[in-house]
2 protein chains.
Amino acid sequence: MVPYYPREVDCWGVFEYSCNGPTENNPFIEQWLKAEFSCGRETICADGFYDGDGLYRIRFMPSSEGVYQFHITASFPLENMDGTFTVGAPKAGQHGPVRVADTWRLVYEDGSPYLCLGTTCYVWALQSDELVTETLKTLSQNAFTKIRFCIFPKHYAYNLHEPYSYPFVGTPMDSSVLTDQNFDAYNEHSAGNNWDFTRFNPAHFQRLERCIEALGKLGIEADLILFHPYDRWGFSCMPQEADLRYLRYVIARFSAYHNVWWSLANEYDLMKHKTLADWEKIAQVLCENDPYSHLRSIHNCFHFYDYSRPWVTHCSIQRNDLYKSAELTNQWAVHYRKPVVLDEIAYEGNIQYGWGNLTGEEMTRRFWEGALRGGYPGHGETFLHPSGILWWSHGGTLHGESPERIRFLAEILREVPEGLQPNPEASWDEVAAVSPAGTQYLYYYSFMRPGFRDFHMKGRYAVTVYDTWNRTKEDIGMYSDSFRIQLPGKPYIAIRLQKQ
Amino acid sequence: MVPYYPREVDCWGVFEYSCNGPTENNPFIEQWLKAEFSCGRETICADGFYDGDGLYRIRFMPSSEGVYQFHITASFPLENMDGTFTVGAPKAGQHGPVRVADTWRLVYEDGSPYLCLGTTCYVWALQSDELVTETLKTLSQNAFTKIRFCIFPKHYAYNLHEPYSYPFVGTPMDSSVLTDQNFDAYNEHSAGNNWDFTRFNPAHFQRLERCIEALGKLGIEADLILFHPYDRWGFSCMPQEADLRYLRYVIARFSAYHNVWWSLANEYDLMKHKTLADWEKIAQVLCENDPYSHLRSIHNCFHFYDYSRPWVTHCSIQRNDLYKSAELTNQWAVHYRKPVVLDEIAYEGNIQYGWGNLTGEEMTRRFWEGALRGGYPGHGETFLHPSGILWWSHGGTLHGESPERIRFLAEILREVPEGLQPNPEASWDEVAAVSPAGTQYLYYYSFMRPGFRDFHMKGRYAVTVYDTWNRTKEDIGMYSDSFRIQLPGKPYIAIRLQKQ
């Protein structure tokens, strides 16, 4: 095949150069290719990768309109090592990668607001085609703008069946021996696995790419989890050389997708084969090889990583207290001076584990707490299901009561495009946020149910009362300076004041 | 009047010696009397007090059956300075004062179990006769076994009217100027008060005594608050001499009632006119003058007192976090190694303040958390009321949904007369208590809603599942060793395992 590449691409779209190359021996470790892309004063170097069947590819995400030149180098002879292509205006709805604006704000690269409301489906991309399609349909009908998921398959309760594919060439242990009583006895050292960590399985990564692309079309960020501890195959204890080879392969394949975020780990502190030095090395390689500086973080089980490390762009927090989670958002943000993304505040559901049996009310309450405290809450769902399909791992459809309330919250938050931060004048018994210019105020009373509240403001405000559970909104008129707002005396009430 | 005293009294009842004495000048500061009571090897000295109208009294609570002798001394001449009386068996239901058995347990002096489930009605005793009667009726119909209330009247929102009486002779400021908008501007320094701190108003204390007695008959402990900051009369900033005179007068009058507890203050840390040295002096005088060593503590607003002080018998805690209160009970108990009495974990109601607008569900949840974590939760209620009668201050009737659930909890706890302490083998996602001998286990799932739970026990257990909100109890049979309990997947479920 003569190398192929498109002559036109949209800004923040994926430019892909494809060519044939050697197939003998092990191209994954014996061959390489890379390209330098330049436009104006910008020059970016991107690694290519072997995609199997003799096909090699280089991907690139242009970030400005104009004519780009590229120059390829490779470990094997190539035709057409130089070329140009034109980058046009971004597609409608395409705003580029998400960036950190400040402690309280995530924005798209073009400056437009990004409202981060996440969900988690750890291995949705490794389920059947039907289930993947169903998950995407569910996502298209909900307010979530980010989804966390793993590149590696997952071994855990409710996660005993075989994934759609494996990342490496080889064969897995026999999963037919697993039951929900004995699964805990199987781990990364279990016998019966036979993997070649030097040979990737391109089909596995192609599937993930189709998912990342589909998410991009829905305006949803793909928060990719690089490593995790729930393992019966040995992927959590590969030699460092294999870890870093895998990492570079993943970066070469995925980083040109504008909607990729990097999560070094789910629950890094449960991964007993990796030291802090290992994580820092992974972060270093990631920083050196991702040409686009996608958002980077690492997620804890018990102990937070040191989010003040320079490579960490935002806090990716799993709550580590049974009772207080989103309630601590503003404290964490002030401490780390980075956006707080609440990547696990427990899940709505009814399974046996305390992290997976919240009511819809409590999940929704945590979303409001997190959002009005200047952070970005994340959802998940774990209902007992006759076929064992739990959103939290497999995707599918949603059964809970929080998603439609999260949509309602999203509608309200989108009316404050400049974003919210904690109101420093909040009383101890309210959750209070204010827009940066001080023109919009939101108050939330959580599980409390005041019959009225007194306000002492300056100026004139249009007042709206929300029942965040029943999704009602009432504009109750104009109020000035010191005033009393009568409230229904129910939990989950919010008030908005808009300065006139 | 020839001195009068009864020749027979019940154990832990009140023996009262009455006589006439001087009325000229100021008997409260110029006269004194006291008595030494002895029986066997026990000798106790009790101060008497002037009760107005030329009447002097000495009260004494005997704590063993037998013949007691007494000898009176006084600042004035007396007939019959010596006498004897017989102490008979305690009345049915009379178990003596409450004592601390260990970190986790309060018991009556006779060793029988005392289940502490408190409520708060700060100035119920200073309301109209009708309201006091109504409060006692309400208490008789509920499960509360302790009530916190003040000796001094209270000035605060919903507490602007005149109390039934004042502790001192004098005249108060004009309360007709007060509104719920301006009350905050009036405080202990407000003009218009004219009090003689050297002259007590016996009627005020007699009323409190009638209330303490009535509580005693209902089996309810009277947790008397000696000082508090909510003041428009100057009672919170008297000279130390007046504080201590008042304290000795209160001890002389009230300490012979078996059901008295001493709370040095409500929210001591808001009383800006008193230093830690003042509180320690008050504690010292209390310890020296209370012959019966009734339970003693001091209650905070923001900052806990140092409950490790030797004079403190138990922690009297107001929660100082909006979200976590009873959830911390076991941590506090382990830290202070004294029983934890949760004297304010916010109130069920719908007023504007965050401490006074919990749902019944949340109040009940906090009771279960506190009780199963080895402590003693306290209730309160603050519903907006057309006549401004809020249980929290005035008593009256109850309007909330938690009291009947607290009764349900009390029934379950009374089936574990040996008491509960935290189960050290509790999982992070359950609240688990165990009886000292390890024969009864209680598990509570709080706001979580597991569809089932797995247990790994040794032996055979009778299993009961409770819906703590709907007050249902289901004995589901016998289970042995490792077993799974199916649950309804609703919040507020508890399980009891009784070893067979």
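Modeller: Before we start, one term: two strands count as paired if DSSP finds at least two bridges between them. Keep in mind, too, that this is a predicted model.

Colleague: Got it. Which residue in E24(A) is the bridge partner of Val431(A)?

Modeller: Tyr444(A) is the partner of Val431(A). That bridge belongs to the antiparallel pairing of strand E23 (residues 431-434) with E24 in chain A, where 4 bridges join the two.

Colleague: And what sits between E23(A) and E24(A)?

Modeller: A turn: the two strands form a hairpin with 5 residues between them. Gly438(A), in that turn, has a positive phi of about 75°.

Colleague: Which other strand is joined to E24(A) by 5 bridges?

Modeller: Strand E27 of chain A, residues 493-499, which runs antiparallel to E24(A). For one pair to look up on screen, take Tyr443(A) and its bridge partner Ile495(A).

Colleague: Which way do the side chains of E24(A) point?

Modeller: Gln440(A), Leu442(A) and Tyr444(A) point one way, while Tyr441(A) and Tyr443(A) point the other, and all of them are buried. In a regular strand, side chains alternate between the two faces of the sheet.

Colleague: Changing topic: what is the phi of Arg471(A)?

Modeller: Phi is near 55° there, a positive value in a residue other than glycine. Most residues other than glycine have a negative phi. Arg471(A) lies in the loop between strands E25 (452-467) and E26 (472-486) of chain A. Its relative accessible area is 36%, so Arg471(A) counts as partly exposed.

Colleague: What about Asn80(B), where is that found?

Modeller: In chain B, in the loop between strand E6 (66-74) and strand E7 (82-88). Phi of Asn80(B) is positive as well, near 50°. Asn80(B) is partly exposed because its relative accessibility is 38%.

Colleague: Now zoom out. How many helices and strands does chain A have?

Modeller: Chain A has 9 helices and 27 strands. Of its 500 residues, 62% count as buried.

Colleague: How does the radius of gyration of chain A sit with a compact globule?

Modeller: It agrees: a compact globule of 500 residues would be near 23 Å, and chain A has 24 Å. The C-alpha atoms fill a box of roughly 80 × 60 × 40 Å along the principal axes.

Technical notes. Residues numbered from 1 in each chain as written. Chains lettered and ligands numbered in written order. Predicted model: local features only at pLDDT ≥ 70, side-chain atom pairs only at ≥ 80, totals over all residues. Heavy atoms only, no water. Rg over C-alpha atoms; globule rule 2.2 N^0.38 Å. Buried < 20%, exposed > 50% of the residue type's maximum accessible area, 1.4 Å probe, protein only.
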